[in-house]
Amino acid sequence: MRYEGMIAETITIAGNNGENISAYVARPLGAGPFPGVVLMHHNPGWDELYREFTRKFADHGYAAISHNLFHRAGDGSPEDVSARVRADGGVPDAQVVGDTEGAVQWLRAQPYHNGKVGVIGSCSGGRHTFLFACHTKSIDAAVELWGGRVVMSKEELNPKTPVAPIDFTKNLSCPLLGLFGNDDKGPSPEQVNLHEAELKKHGKNYEFHRYDGAAHGFFYYDRPNYRQEQAMDGWKKVFAFFQKYLAK
């Protein structure tokens, strides 16, 4: 039997403008080298589910980091912190990009890293994943899970989210995998169509998969929207995609 082990802990990293933020990291024991994955948490917050996802990647041979995009909102339960963030109008897109670049650079500085980094996120984290992939050249692959508000109306724009992510499509810097539920309302199938059309227009390397019988958050086993068959297929696609672009 092959010995398996991992190390997982909460650390502090330099985020946007060098500001310290918290992050949860997990990796297999051993010298590596391991490919890196940055996880961008969803709007329910930097929660138990994302710590589990981080360890899941470590169990599959990745060095993984999930940074706390809500760190500046203070301490408390993920639900309370997330509520404060929502009441304040969310986190600024520019801050999200800066924090995530910090997480990428932290991974790249580790001696056990193989030099490849992917980013993955769901819900608002899916939106942020696509946004970040259009604002950096430091990653090798991106996975967007049902990213809401990639397509935005003019009425939705504000000083914190001044430009719809879809408008940055021409700057997408790496291959993109997108997974969506056809029963979702945000993004709706029509919004996913617009998202895909823009990727095609700019000749980007992407693959989208859409699931019948699935709505928003169909990976979330702790919620009514969980769909086992679609989620298991989706995870297979995620790991195959990252294996293709992150393994050396």
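Predicted model: local features only at pLDDT ≥ 70, side-chain atom pairs only at ≥ 80, totals over all residues.

Trainee: Fine. Which residues touch the most other members in the largest nonpolar core?

Mentor: V38, I65, I139 and L176, in a core of 44 residues. A nonpolar core here is a set of buried Ala, Val, Leu, Ile, Met, Phe, Trp, Tyr and Cys residues joined through side-chain atoms within 4.5 Å. Buried means under 20% relative accessible area, exposed over 50%, and partly exposed in between, using a 1.4 Å probe and protein chains only.

Trainee: Which helix gives the largest share of this core?

Mentor: Helix α3, residues 93–108, with five residues. Helices (H or I, at least four residues) and strands (E, at least two) are DSSP runs, numbered from the N terminus.

Trainee: And what does I139 touch?

Mentor: V104, R108, V117, V119, F132, A133, S173 and C174, not counting residues up to four places away in sequence. Contact means heavy atoms within 4.5 Å. Apart from that core lies another, of 29 residues, including F53, F57, V238 and F241.

Trainee: What about C174, buried or exposed?

Mentor: Buried, at 7% relative accessibility. C174 is in no disulfide either, and the nearest cysteine sulfur, that of C134, is 8.3 Å away.

Trainee: Back to α3. At what angle do the axes of α3 and α4 cross?

Mentor: Roughly 75 degrees, and the axes come within 10 Å. Helix α4 covers residues 124–133. Axes are lines fitted to C-alpha atoms, for helices over the stretch in contact, and angles run from 0 to 180 degrees between N-to-C directions.

Trainee: What does that make the pair, parallel or perpendicular?

Mentor: Roughly perpendicular. Angles under 35 degrees count as roughly parallel, over 145 as roughly antiparallel, 65 to 115 as roughly perpendicular and the rest as oblique.

Trainee: Which residues make the contact?

Mentor: From α3, D93, V96, V97, T100, E101 and V104; from α4, R127, H128, L131 and F132. They divide into five nonpolar, two polar and three charged. Ala, Val, Leu, Ile, Met, Phe, Trp, Tyr, Cys and Pro count as nonpolar, Asp, Glu, Lys and Arg as charged, and the others, Gly among them, as polar.

Trainee: Now single residues. Where is Y50 found?

Mentor: In helix α1, residues 48–59. Y50 is buried, at 2%. Leaving out residues up to four places away in sequence, Y50 touches L39, M40, H41, H42, S66, G121 and S122.

Trainee: Where does V150 lie?

Mentor: In the loop between β6 and β7. V150 is buried, at 2% relative accessibility. Its C-alpha is 8.5 Å from that of H128, 22 residues apart along the chain.

Trainee: K160 next. Where is K160 found?

Mentor: In the loop between β6 (141–145) and β7 (176–181). K160 is partly exposed, at 22%. Beyond its neighbours within four places, K160 contacts D88, G89, G90, V91, P92 and D93.

Trainee: Last topic, backbone. Which peptide bonds are cis?

Mentor: One joins G32 and P33, with omega about 5 degrees. Another runs from G186 to P187, with omega near 15 degrees. Most residues other than glycine have a negative phi, and most peptide bonds are trans.

Trainee: Where is phi positive in a residue other than glycine?

Mentor: At N17, near 55 degrees. N17 is exposed, at 69%. W146 also has a positive phi, about 40 degrees, and W146 is buried, at 0%.

Key: Residues numbered from 1 in each chain as written. Heavy atoms only, no water. Disulfide = S-S within 2.5 Å.
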